[in-house]
Amino acid sequence: MNDNDSRLSYLQLLAKALPVEVVNRVLLRADSVDGPALEEGTALQISLRHLRAEASTRAPSETPTPSLPVSEIYLQLLDQAIEPYRGEVIVFGTAGLSVVFRGVDHLQRACLCALEALRTAHAMAARDHQPRVELALGIATGQLWLPVVGDDTQRVIAFGGPAAREATGLQGRAAVNEIVLSPASVAALAQMAVSKRNEQGLDVLVSIDAPDVTVHFDDPIAFDVNQIVDVEAAIAKLEAFVIPPLSQRLRYVPNDWRTDAEVRHVVVVLTEFRDLTHGDLLEASSIATCVLHSHREFGGLILGVEAAGAGQRTLTLYGLHAPTENDAERAVMAARGVIAAVEELARSLNLAVQTRTAVHSGEVIFGAFGNANRFGISLTGGPLEVADRILDAAQGSSQPVISGRIAALLRSNFQLRPLEEVVADGEKVLSLHLLEGIRGGSARYMQRRSDSREIAGRSTMLRELQARVADAMDGQGGIVGLCGDAGTGKTFLLAPIIDQWIDAGGHGVIGHCHYSTRSIPMAPVTSMLLNLAGLPGPRLSPDNVPRLRDVLLEYCSPEDAEALVSVLMGSPAELAQLNELDDRWQSLLVAMERIVAARIAERPILYVIEDLQFADSLTLRIAQRLASMARDRKFLFVGTYRPEDQLQGLRELFDKEFFLVDLGLRELRDAVASYFSAREVDERLSILLWERTRGNPAQLVELLGYLRDRGLVINRAGQVTAANRSEHAFAELAPPSMAQQALARLDQVVPVDRRVLHMAAIIGSVVPSDILRAIDPEAWNTNLYPALIRLLDAQILVPELSGKLSYRFRDDNTRLVAYATIPPARRRELHSMVADLIERLRAGDHDHFASTLAYHREKAGQLHMASRWYERAARAAASATMDVETVELVKTWEALVEKLSVDEQPTSRTFAELSVIRFVATARHFGAQDALEQARTIAARFRKLMNPNEKAVCDLWHGAALLASGQKQSAKAS
């Protein structure tokens with residue numbers, strides 16, 4: 001296929017990701033893409049209630065595991081019900097579909113579609129022997145409103161109008177497997193439909209006596225692609241409607257767009273604007289566009305605009321595509337921006353619009369769902385339901401309402417007010433907070449950081465920094481930069497030099513730049529000045545102007561003081577427009593330089609600004625001016641920052657820049673030993689920790705705390721070691737920030753390559769080529785092998801040079817995150833397939849692979865088979881005198897068999913044999929005390945079941961344990 005053909009194919013796929021009418025409107029018709037204000041039709045709202053019911057019995061942090069994949073449900077509904085009756089899916093919602101019917105017999109076709117949807121759901125459950133797929137449906141006929149909101153960069157089709165809102169409300173009140181009709185629909189159907197009244201007094205459709213209005217069609221895209229003169233222009237128009245995760249799939253994997261759904265941790269923002277009348281259509285369109293722009297400014301991904309009561313609702317995600325450490329901050333900043341922007345727009349339009357927002361986070365399953373003719377992105381998961389509950393609690397609030405989980409992520413950057421707790425998911429109490437404002441780039445006088453600790457690998461750098469501090473206290477001032485990527489230890493290095501400065505009698509002020517204040521001009525500088533006057537921040541209020549003016553007059557002239565107050569009282573928009581040609585700008589620079597000089601003349605001053613990469617341009621220009629001050633005074637300016645281009649001009653003015661890099665393996669081992677107050681670190685554990693963190697100090701500390709809190713890493717007799725040293729001890733553990741970074745890298749990988757990564761992640765840290773190839777041999781040569789080559793070229797996978805041809809993840813975090821993104825049902829299926837393949841392809845060496853097979857069977861949910869393999873692995877380890885592994889494998893086996901049914905339980909004799917194996921390994925390796933405790937258990941439970949040889953072995957090691965513990969007489973008796 002040549003390049004032109006591939007672009008035409010891509011255009012056709014983009015068209016299939018949109019409703020037919022929108023494609024016609026955008027590509028073939030000359031009228032506005034916004035379309036008609038109102039048109040006659042019928043709205044059908046389908047809710048997948050079994051997903052909602054599942055979410056209500058699950059903690060919000062748990063990943064959804066529907067009995068049938070959402071992709072399969074959507075596929076069947078489209079094939080069997082929606083397309084035959086020519087329905088158009090406008091929104092693939094969070095737990096359902098929004099469908100419209102237009103043209104001849106639109107109401108009858110909607111009713112027939114709804115009845116067929118119920119039959120299809122019942123057939124799916126019967127075919128797959130699954131619990132019933134529970135639907136709830138609402139039908140309303142009347143006026144539809146389907147505008148396009150947004151601009152050329154991003155557009156969304158809104159599902160609205162009186163009929164859409166009514167259908168949504170009816171579906172919400174419908175019982176399971178009910179089709180609720182609006183009064184207008186009942187009247188229009190007359191004698192054609194049979195309906196009944198339910199307990200709520202609603203009309204429920206039972207059947208309809210209508211002619212066969214099924215419309216079969218081959219091509220839902222009502223245009224010939226060859227009519228398109230400018231293919232690239234057409235692609236640009238349609239791409240604005242398709243969110244990046246889907247357009248990426250369509251562009252790179254045109255024959256396999258329906259890539260497996262993935263589990264993602266996201267921040268969810270629900271925004272709802274209400275109290276619009278049916279005559280406010282143009283205004284509502286403007287408001288929806290305003291909401292979209294506000295979210296896009298902060299990098300949010302809007303999935304759709306849906307009808308909701310007397311208004312519209314938008315679902316926006318942060319962290320779904322290329323997640324960052326600032327997802328929660330970006331989400332709440334956008335939520336505040338949405339409310340402010342909508343309120344301002346509503347005032348200009350003379351409308352009374354109520355806007356409310358809810359912010360929550362958690363794991364969801366997302367994927368490209370549909371069939372070959374119509375598809376889109378959809379999500380399911382508990383966090384969406386919880387966000388909906390939070391939105392109810394936000395009723396009447398003029399500020400965003402956030403969950404406790406989001407509040408924890410925001411730390412201290414925002415002003416929060418606790419609200420009443422609510423019950424979410426039926427039984428879980430959810431803490432809520434009202435987001436009242438931003439604290440700003442806070443500045444405070446420094447305190448000694450007595451809890452600071454040494455960082456391995458930074459001793460030389462620290463000594464040089466301390467020498468700089470001593471020189472500054474002697475009157476040789478300086479400007480110092482601490483540069484390094486996130487987590488390399490910049491803030492930790494500040495602690496000892498702050499202590500040194502304060503201990504020498506100096507005075508210091510520290511300011512912080514945050515993502516949340518990067519759009520607020522001079523936030524950290526303003527905060528420092530207000531702090532000097534003892535005033536609260538982050539902005540100067542009119543009431544505090546006299547106090548600030550009085551303090552400033554102590555350090556500068558009345559003209560400079562007035563210049564500063566004038567600037568600080570200006571709006572952020574006015575400040576952002578200041579430049580070098582503005583008189584106020586020059587006055588500001590002079591005033592700041594004089595104040596700093598006067599403060600330094602009073603006493604030695606240490607100024608620190610952290611995270612300069614988040615500073616606004618005004619703050620950076622002020623910092624550049626101050627960096628040119630004479631050095632013959634007692635001061636030290638220290639800035640911490642990441643190596644980003646916008647700081648280059650400032651960095652060139654620094655007297656010294658310390659560039660922090662990640663730790664090497666030896667330095668990492670020293671850091672781990674120091675963290676646990678130990679003498680040494682197990683070599684295998686050191687390598688594993690370095691592979692996981694690549695020596696990043698912050699990631700190392702986070703991971704060590706994560707593992708220590710879970711009892712997975714311990715200090716055993718002065719050596720740091722894994723509490724469970726089995727092969728899969730840390731197989732699925734990665735702290736959140738590390739997972740975000742790995743997922744951001746993973747999002748740069750095209751979908752077919754991610755499919756190979758998913759398969760490889762299931763297999764394990766070492767990926768044998770023959771097993772990887774055998775998982776899907778049909779797709780190997782066409783799609784998967786080329787994907788493997790691309791992953792090797794990108795060095796995400798690297799060849800394993802020893803033994804059989806195999807591969808290894810170069811970055812272990814990528815493997816962990818790739819594994820975590822696989823939905824649980826698919827994960828179990830792949831583990832089962834891999835276990836089957838290992839059993840078949842390694843038939844002559846099952847003892848060697850017994851623990852691996854046990855792991856895969858356990859992850860596949862095949863617990864009985866897993867227990868048999870764990871038993872075999874324990875016996876093999878015992879015969880090889882691998883004592884640590886033997887103990888851990890028997891403990892794992894014991895924990896697993898507790899979950900088995902009575903019929904699947906091992907015999908008492910098996911329990912006795914494995915207890916003896918564990919006891920001998922414990923006595924041989926772990927010391928007397930552990931052995932004596934187990935000896936008592938064996939004597940009480942299994943002595944009668946043991947054969948003479950086992951009794952003799954136990955007596956021997958029991959005696960050795962008694963002797964080692966100083967009980968000589970008891971040892972002789974044993």
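Analyst: Happy to. The protein chain has 38 helices and 31 strands, where helices (H or I, at least four residues) and strands (E, at least two) are DSSP runs numbered from the N terminus. This is a predicted model, in which local features need pLDDT of at least 70 and side-chain atom pairs count only at pLDDT 80 or more, while totals for chains, interfaces and linings use all residues. Residues are numbered from 1 along each chain as its sequence is written, and side-chain values use heavy atoms, with hydrogens and water left out.

Of the chain's 974 residues, 55% count as buried, meaning under 20% relative accessible area with a 1.4 Å probe and protein chains only (exposed is over 50%, partly exposed in between). Among contacts (heavy atoms within 4.5 Å) with a separation of 6 or more, 73% join residues 24 or more positions apart.

A cavity here is a set of points, on a 1 Å grid over the protein atoms alone, where a 1.4 Å probe fits but cannot get out; lining residues have an atom within 4 Å of a point. Grid points are joined across faces, edges and corners, and a volume is the space filled by probe spheres set on the points. By this rule there are 5 cavities of 30 Å³ or more.

The largest cavity holds about 440 Å³. Its lining has 26 residues, and M528, Y607, I609, L626 and F637 lie nearest the centre. Five elements each supply at least two lining residues: α16 (523-532), α20 (583-602), β23 (605-610), α21 (617-626) and β24 (635-641). Helix α16 gives the most, with 5 residues. By class, this lining has 22 nonpolar, 3 polar and 1 charged residues; Ala, Val, Leu, Ile, Met, Phe, Trp, Tyr, Cys and Pro count as nonpolar, Asp, Glu, Lys and Arg as charged, and the others, Gly among them, as polar.

The second largest cavity has about 300 Å³ of space. It is lined by 20 residues, with A17, I90, F241, L303 and I377 nearest its centre. Here β2 (88-92), β6 (155-157), β11 (301-308) and β14 (375-380) each supply at least two residues. The lining divides into 16 nonpolar, 2 polar and 2 charged residues.

S294 is buried, with a relative accessible area of 9%. Beyond its neighbours within four places in sequence, S294 is in contact with A334, G337, V338 and A341. The C-alpha atoms of S294 and A334 are 6.0 Å apart, although 40 residues separate the two along the chain.

Further along, an open sheet of 3 strands runs in the order β29-β31-β30 with antiparallel pairing, a pair needing at least two DSSP bridges. Strands β29 (766-768) and β30 (797-800) are at the edges with a single partner strand each, so one side of each has no neighbour in the sheet. Strand β30 pairs with β31 (residues 806-809) over 4 bridges, and P799 stands opposite Y807 in β31. Helix α27 (residues 751-763) lies across β29, β30 and β31, at about 110 degrees to β29; axes are lines fitted to C-alpha atoms, for helices over the stretch in contact, and angles run from 0 to 180 degrees between N-to-C directions. Helix α29 (residues 777-793) also packs on the sheet, touching β30 and β31, with its direction at about 95 degrees to that of β30.

Terms used: 1 Å grid on protein atoms, 1.4 Å probe; cavity = no way out; pocket = protein on both sides within 12 Å on 5 of 7 lines; lining within 4 Å.
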